[in-house]
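Please open the structure in your viewer and keep the selection tool at hand. This tour goes from stop to stop, saying each time what to select and what is there.

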Amino acid sequence: MDKTVIVRNLKIGDGRTKICVPIVGKTQDAVLDAARAVPEDVADLVEWRADYFDGVFSNRELEQTIGLLRDVLGEKPLLFTFRTAEEGGEKEIQEKEYASLLQFVAETGFADLIDAEVFRGCRNQMNSAFFQEIISGKQRLPMEEVIRTLGEHAGVIGSYHDFQKTPSAEEMIGRLQLMAAAGVSIPKLAVMPHSREDVLRLMDATLQADREITDRPLIAMSMGALGAVTRVAGRNFGSAVTFGCVGTASAPGQMEACKVKQMMELLY
């Protein structure tokens, strides 16, 4: 079964792990300057971390900036992300406003992919009993309808971040499966390790999930310096995209994109 997601001319899930470069500028000029500085031969796609942008809550500024960003990037795919404070981002936002923001961006048509935090509204309910209720159809994830409507305009990367720990393999696999069941194009998981065993558990859980989820690619990583190996060895355990910075990092342990590319070329 085909596990690729095609975005413009990029096949995510086919061949080597793709490199995504985040942009974290606070002003329109900073965002556009950062986009111009992205090495053409290193980045496969670009992520705009709009939670860093001072004008993100102004629809006028947001639409103008993402339109100009689209022009700068040309045919390079663009991922729009507003990472909420609850999942390690720069700004607080209420659930209704979060959904409206993502929908507004989707309807502009400028973003090829949109990040959606799948477990918004139910993070504290995520236990095995809740998993079973979702799987059996007795419960629905609050974000499911949002994901469906976003998918009418762009690909959806469903995400979950745990900055405190690395959950059990069962929980990580379960989260990836639930994200796929919710209809996202690509499930994404990022966790914080405290030991080498945590890093190995993330890689093993991703490998298992990649075998069980047969119709779409996955993204998974272990954060911080301890988890750096997962940012370059994704091809070995089933992670289709890695993130590398040009300048300011957007997550703990994120390495320079050019170094990520060099290390992947040495490995593969």
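Is Ala225 buried or exposed? At 72% relative accessibility, Ala225 counts as exposed, where buried means under 20% relative accessible area, exposed means over 50%, and partly exposed lies in between, all with a 1.4 Å probe and protein chains only. This is a predicted model, in which local features need pLDDT of at least 70 and side-chain atom pairs count only at pLDDT 80 or more, while totals for chains, interfaces and linings use all residues. Residues are numbered from 1 along each chain as its sequence is written, and side-chain values use heavy atoms, with hydrogens and water left out.

**Stop one: Ala225**

Select Ala225, which is found in the loop between strand 9 and helix 8 (234–237); helices (H or I, at least four residues) and strands (E, at least two) are DSSP runs, numbered from the N terminus.

**Stop two: Ala116**

Next, select Ala116, whose place is in strand 6 (residues 113–117). Ala116 has a relative accessible area of 0% and is therefore buried. Now show Gly158 as well, which is 42 residues apart from Ala116 along the chain, with a C-alpha separation of 5.0 Å. If residues up to four places away in sequence are not counted, Ala116 touches Tyr98, Leu102, Met143, Ile147, Leu150, Val156, Ile157, Gly158 and Ser159, contact meaning heavy atoms within 4.5 Å.

**Stop three: Asp112 and Arg8**

Move to Asp112, in the loop between helix 3 (95–108) and strand 6, which counts as buried because its relative accessibility is 15%. Which side chains make polar contacts with the side chain of Asp112? One is the side chain of Arg8, at 3.0 Å, and another is the side chain of Arg70, at 2.8 Å. A polar contact is a pair of N or O atoms within 3.5 Å; within protein, one must be able to donate a hydrogen and the other to accept it, and residues adjacent in sequence count only if both atoms are side-chain atoms. Leaving aside neighbours within four places in sequence, the residues in contact with Asp112 also include Lys76, Pro77, Leu78 and Ala154.

Select Arg8 itself, in the loop between strand 1 (5–7) and strand 2 (10–12). Arg8 is partly exposed, with a relative accessible area of 30%, and has a positive phi of about 55° although it is not a glycine.

**Stop four: helix 1 with helix 2**

Two packed helices are described by the angle between their axes and the distance between the axes. Colour helix 1 (residues 28–37) and helix 2 (residues 59–73), whose axes come within 10 Å and cross at roughly 15°; axes are lines fitted to C-alpha atoms, for helices over the stretch in contact, and angles run from 0 to 180 degrees between N-to-C directions. Helix 1 and helix 2 are therefore roughly parallel to each other, since angles under 35 degrees count as roughly parallel, over 145 as roughly antiparallel, 65 to 115 as roughly perpendicular and the rest as oblique. To see the contact, show Gln28, Val31, Leu32, Ala35 and Arg36 of helix 1 together with Gln64, Thr65, Leu68, Leu69, Val72 and Leu73 of helix 2.

Now select helix 6 (residues 169–181) and helix 7 (residues 196–212), whose axes come within 9 Å and cross at roughly 40°. Helix 6 and helix 7 are therefore oblique to each other. Among the residues that make the contact are Met172 and Leu176 of helix 6 and Leu202 and Ala205 of helix 7.

Finish at Arg216, in the loop between helix 7 and strand 9 (219–222). Arg216 is buried, with a relative accessible area of 15%, and its side chain makes a polar contact of 2.8 Å with the side chain of Asp215.
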